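Here is a briefing on one protein model.

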Amino acid sequence: MAAAASSSSSSPPPPPAQHRPDYTAFTQQRLPAWQPLLSAGTVLPLFFCLGVAFVALGLGLHFSSATIRELELDYTGLDGSSCARCANLSLRANPPPCACQLRFSLAQAFPAPVCLYYQLSNYYQNNRRYSVSRDDLELSGLSWALREPVEECKPYRYTKGTPIAPCGSVANSLFNDTFELYYLFSNGTRAQVPLDKRGISWWTDTNIKFRNPEPVNGSLALAFKGTAQPPNWHVPVYDLDKSNPNNTGFVNEDFIVWMRTAALPTFRKLYSRIRLGNFSTGLPRGNYSLNITYNYPVLSFNGSKKVIFSTLSWMGGKNPFLGITFLVFGSLCIITGFVMLAAHIKYQHLNEAD
């Protein structure tokens with residue numbers, strides 16, 4: 001017994017605990033905490049206040065959207081319209097140039113700012129292989145990227161061994177219809193409505209994402225020497241806007257707007273604004289003529305094309321969905337509040353008995 005006691009008393013002490021956390025308020029979970037106590041007096045006012053706020057905001061958005069004026073003109077060329085001949089020609093392998101005209105009237109004036117959009121339908125820019133078929137390094141102006149397009153640009157990467165600039169399916173399918181708008185006077189004369197294409201793209205796209213390569217001897221065409229234009233283009237990228245050297249190449253705003261792909265199969269993109277000259281205050285009521293250079297084929301994929309004239313408000317363009325969403329959510333909050341209030345009144349005596 002004595003030997004056993006002696007051996008036990010001489011045994012080494014147990015090793016200290018490993019991975020023991022520091023003895024602090026945070027590691028020992030002794031920090032002060034707050035937990036809300038939900039009761040009818042706090043929950044019901046919250047539901048009613050949220051409901052009233054969302055309904056008020058929804059009404060503002062809905063009525064603001066209702067004040068926006070829009071005019072849609074379909075120029076696909078179906079049903080014997082004035083653009084039917086051009087639509088039929090677009091089905092050919094190499095269609096010749098074609099132009100058509102749409103005449104329309106405005107019963108009410110469109111106050112400034114007035115935007116002109118083009119809209120395409122049944123066009124899936126969100127297709128994964130389509131949307132990644134581009135070279136962002138090339139579009140950022142890196143000269144070496146012009147000579148070495150990325151693999152994602154196939155099948156529009158090279159043509160006969162020459163790199164395509166800009167490469168990829170997105171750039172190759174650039175929208176190339178053009179529009180000219182005229183106001184028709186009662187005496188038979190007409191006045192052209194200037195279409196301002198400045199500032200139609202996102203600021204970050206124009207100033208950060210898209211850049212031209214450094215000109216060679218002051219020439220942008222020499223910077224693109226050794227590259228080929230996309231197969232569906234009629235002009236090289238450095239000639240997209242011959243009248244404005246600051247709006248050509250990769251920084252052309254029509255090109256930049258197109259390269260920002262849409263999420264839905266029916267989408268509209270900004271073409272220009274009407275804010276110059278005698279039409280700086282908007283479009284007056286009266287008769288108009290829209291001259292269209294019909295280049296973009298859509299019948300091959302059962303698509304359609306529209307031009308849209310729209311005014312703007314503080315919330316942007318016409319969007320009734322946003323106001324309706326706020327109204328529905330606010331109404332549900334108020335209804336839920338009344339249901340909870342009725343339940344509280346009905347079972348209040350049970351709580352008092354407890």
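Angles between axes count as roughly parallel under 35 degrees, roughly antiparallel over 145, roughly perpendicular from 65 to 115, and oblique for the rest. This is a predicted model, in which local features need pLDDT of at least 70, side-chain atom pairs count only at pLDDT 80 or more, and totals for chains, interfaces and linings use all residues. Residues are numbered from 1 along each chain as its sequence is written, and side-chain values use heavy atoms, leaving out hydrogens and water.

**Helix packing**
- The axes of helix H2 (residues 40–66) and helix H11 (residues 320–346) come within 7 Å and cross at roughly 155°.
- H2 and H11 are therefore roughly antiparallel to each other.
- In the contact of H2 with H11, 22 residues are nonpolar, 10 are polar and none is charged.
- Here Ala, Val, Leu, Ile, Met, Phe, Trp, Tyr, Cys and Pro count as nonpolar, Asp, Glu, Lys and Arg as charged, and the others, Gly among them, as polar.
- Helices (H or I, at least four residues) and strands (E, at least two) are DSSP runs, numbered from the N terminus.
- Axes are lines fitted to C-alpha atoms, for helices over the stretch in contact, with angles from 0 to 180 degrees between N-to-C directions.

**Salt bridges**
- The whole structure holds 11 salt bridges (a side-chain nitrogen of Lys or Arg within 4 Å of a carboxyl oxygen of Asp or Glu).
- Glu 70 pairs with Arg 268 in a salt bridge, with the closest N and O atoms 3.0 Å apart.
- Glu 70 sits in strand E1 (residues 70–74) and Arg 268 in strand E9 (residues 267–274), so the pair ties together parts 198 residues apart in sequence.

**Backbone**
- Most residues other than glycine have a negative phi, and most peptide bonds are trans.
- Lys 154 and Pro 155 are joined by a cis peptide bond, with omega about 5°.
- Pro 155 lies in the loop between H6 and strand E5 (158–159).
- A cis peptide bond also links Ala 165 to Pro 166, with omega about -5°.
- Pro 166 lies in the loop between strand E6 (162–163) and helix H7 (169–172).
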